[in-house]
Amino acid sequence: MNPVDYIRKYAGRIPLLHIKDEQAIGESGTMDFKSIFDAAYDSGLESYFVEVERYGRTPEKDVAASYNFLAAAPYVK
């Protein structure tokens, strides 16, 4: 299912968002995080947490890369 459609379907019922990517967040290029975060904030998102599916480097480096990607993303509040 498309995550944006799912979030919109259950608007107001998803205060927490669990996101993940195949690699460090933002590195696979397969996820449209802007659309996901936009829909989530529009639907009442209060907080989110991140999971790295597979580490390409050390866990510390991939977590840092994920943090840096999200911290620089203008659509993440």
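Where do Lys34 and Asp38 lie, and how many residues apart are they? Both lie in helix H2, four residues apart, about one turn of the helix. Helices (H or I, at least four residues) and strands (E, at least two) are DSSP runs, numbered from the N terminus.

This is a predicted model, in which local features need pLDDT of at least 70, side-chain atom pairs count only at pLDDT 80 or more, and totals for chains, interfaces and linings use all residues. Residues are numbered from 1 along each chain as its sequence is written, and side-chain values use heavy atoms, with hydrogens and water left out.

**Salt bridges**

- A salt bridge is a side-chain nitrogen of Lys or Arg within 4 Å of a carboxyl oxygen of Asp or Glu, and by this rule the count comes to five.
- In the salt bridge between Lys34 and Asp38, the closest N and O atoms are 2.7 Å apart.
- Lys20 forms a salt bridge with Glu53, with 3.0 Å between the closest N and O atoms.
- Lys20 lies in strand S1 (residues 16-21) and Glu53 in the loop between strand S2 (47-52) and helix H3 (59-72), so this pair ties together parts that are 33 residues apart in sequence.
- Arg54 forms a salt bridge with Glu22, and their closest N and O atoms are 2.0 Å apart.
- Arg54 lies in the loop between S2 and H3, while Glu22 lies in the loop between S1 and helix H2 (33-42), so the pair ties together parts that are 32 residues apart in sequence.

**Exposure of the paired residues**

- Buried means under 20% relative accessible area, exposed means over 50%, and partly exposed is in between (1.4 Å probe, protein chains only).
- Lys20 is partly exposed at 38%, and Glu53 is partly exposed at 33%.
- Arg54 counts as partly exposed at 49%, and Glu22 counts as partly exposed at 41%.
- Lys34 is partly exposed at 44%, and Asp38 is partly exposed at 26%.

**Asp62 and its surroundings**

- Glu27, Arg57 and Asp62 are linked in a network of salt bridges.
- Asp62 is in helix H3 and counts as buried, at 2% relative accessibility.
- The side chains of Asp62 and Arg57 are joined by a polar contact of 2.6 Å.
- A polar contact is a pair of N or O atoms within 3.5 Å; within protein, one must be able to donate a hydrogen and the other to accept it, and residues adjacent in sequence count only if both atoms are side-chain atoms.
- Leaving aside neighbours within four places in sequence, Asp62 is in contact (heavy atoms within 4.5 Å) with Ala24, Val52, Arg54, Tyr55, Gly56 and Arg57.
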